[in-house]
Amino acid sequence: MTRVVFLGGGVGGSMVANQLARQLKADVLHGDVDITVINQTPDHVYQPYFLYMAFDQAVPAEAHRPERSVLHPLVKLVVGEAERVDREASQVWMQDGTKISYDFLVIATGSRPAPELIPGLAEGGHIFYTEEGALKLRDALAAFRGGRIVVTVSVPHKCPVAPLEFTLMVRDWLDQRGMESAEVLYTYPIGRLHSLEPVAEWASRVFPTRRIQSQTFFNVESVDAENHTVTSLEGDTVSYDLLVSIPPHVGQPVIQRSGLGDAGGWIPTDRYSLLMEGSENIYVLGDATNLPISKAGSTAHFEADVVSANLINRIRGGRGSVRYDGKVFCFIEAGREEATYIKFDYQHPPQPQPPSSMIHLYKLAFNKMYWLSAAGIL
Ligand SMILES: Cc1cc2nc3c(=O)[nH]c(=O)nc-3n(C[C@H](O)[C@H](O)[C@H](O)COP(=O)(O)OP(=O)(O)OC[C@H]3O[C@@H](n4cnc5c(N)ncnc54)[C@H](O)[C@@H]3O)c2cc1C
């Protein structure tokens with residue numbers, strides 16, 4: 001019997017597990033293949049809704065489904081936190097002391113925002129990258145009566161375009177509530193407005209038309225929650241009435257505990273095969289990799305197609321030769337009920353399209369259709 005174990009049942013883990021169950025149904029029913037997903041929470045959470053929750057345009061119930069209902073009936077689910085991966089024994093050790101053996105391991109543990117890396121940030125800033133943070137920000141925005149909203153970005157972080165989306169949406173939100181004189185300031189750590197150059201150029205054209213100020217070369221060093229200021233490593237200090245911050249992200253603790261990650265907790269991964277470097281039976285996908293591409297659900301989705309194809313092929317005796325081409329697709333909410341999108345891969349840079357209401361509607365529709373892609377159907 002071939003045992004395939006998934007560490008992490010979010011976007012990437014669920015998609016691959018479901019694709020395997022659908023395509024290897026006969027083998028699973030015959031007892032030749034066993035598929036197990038380990039996830040630390042009983043719920044599957046669709047994180048893009050956090051952006052909308054901050055504006056009271058979505059509620060937590062829309063973002064949650066029981067992981068059991070997302071998984072194919074032939075996929076086993078273990079709810080609990082994995083303590084570590086024991087590569088020598090090909091086992092995942094759970095915090096409750098149980099051990100789960102694998103022939104193939106798929107790691108899709110995602111990433112987490114680490115506000116603790118910036119002194120004062122947790123006390124002084126709002127973070128819509130968690131559900132709890134998004135709901136607190138929703139209440140703070142409802143109470144906001146004017147002044148200056150500062151949006152700071154630290155890298156690396158997941159969903160590379162969400163800070164831009166929030167900035168454009170909050171400008172719109174203020175204008176709709178008669179707060180045209182409120183200021184919006186967006187800061188970015190390098191010498192342009194986004195790490196992807198065409199996106200930075202697009203934002204630098206759009207921001208002035210929306211009365212959004214910006215400051216580049218602003219690496220957030222600390223936040224003074226009492227005096228409402230944020231200071232950069234470059235020595236600049238800006239004051240705020242409401243601070244919305246995207247903290248730097250790190251890999252999950254289980255990766256560090258297992259000795260599998262680099263200093264940031266990202267797993268060295270072959271950019272084409274998606275095998276963990278130095279391993280023939282551990283695949284990595286989604287935010288957990290160290291690949292120099294966007295940490296996004298769409299990245300996990302395109303990678304899932306490659307990992308599933310290779311796993312199925314190898315289980316059937318092949319060599320697993322499908323290669324990931326670096327494909328990413330991101331919608332970008334642009335405010336005013338319009339959106340644009342970018343798609344790119346290792347060879348082709350993104351080209352943001354003119355925003356339209358049609359693309360905005362498509363993004364909203366995709367949010368609802370997400371559950372079909374998690375099921376491995378879309
Ligand atoms: C505000 C916001 C907006 C976003 N918008 C978009 C968007 O519009 N488009 C887009 O493509 N992406 C978007 N993203 C990014 C997207 O959600 C992530 O990139 C995606 O979820 C990554 O998928 P993953 O499978 O790598 O990890 P995740 O989906 O985060 O899943 C990781 C899973 O691993 C589990 N896990 C972790 N550690 C353990 C452990 N020790 N034991 C057991 N289980 C564990 C977790 O419980 C979780 O279920 C957004 C993210 C945020 C926060």
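## A walk through a two-domain model

Start by colouring the protein chain in two parts: domain 1 covers 2-110 + 252-327, and domain 2 covers 113-248 (these bounds come from an automatic or database domain assignment). At the contact, select 16 residues from domain 1 and 21 residues from domain 2, where contact means heavy atoms within 4.5 Å. The C-alpha centres of domain 1 and domain 2 lie 31 Å apart.

Before you go on, note that this is a predicted model, in which local features need pLDDT of at least 70, side-chain atom pairs count only at pLDDT 80 or more, and totals for chains, interfaces and linings use all residues. Residues are numbered from 1 along each chain as its sequence is written, and side-chain values use heavy atoms, with hydrogens and water left out.

**The whole chain**

Switch to a cartoon view of the protein chain, and you will find 12 helices and 21 strands. These are DSSP runs, numbered from the N terminus: helices are H or I with at least four residues, strands are E with at least two. The protein chain is as compact as a globular protein of its length, because its radius of gyration of 21 Å is close to the 21 Å that the globule rule gives for 378 residues. That radius is taken over C-alpha atoms, and the rule is 2.2 Å times the number of residues to the power 0.38.

Of the contacts in the protein chain with a separation of 6 or more, 64% are between residues 24 or more positions apart.

How much of the protein chain is buried? Buried residues account for 55% of the 378 residues, with buried meaning under 20% relative accessible area (1.4 Å probe, protein chains only).

- Select Pro-156, in the loop between strand S11 (148-153) and helix H8 (162-176). A cis peptide bond links Val-155 to Pro-156, with omega about -5 degrees.
- Next, pick Ser-90, in the loop between strand S6 (82-86) and strand S7 (91-94). Ser-90 is not a glycine, yet has a positive phi of about 50 degrees.
- Finish at Phe-217, in the loop between strand S13 (213-215) and strand S14 (220-224). Phe-217 also has a positive phi, near 50 degrees, in a residue other than glycine.

Terms used
Buried < 20%, exposed > 50% of the residue type's maximum accessible area, 1.4 Å probe, protein only.
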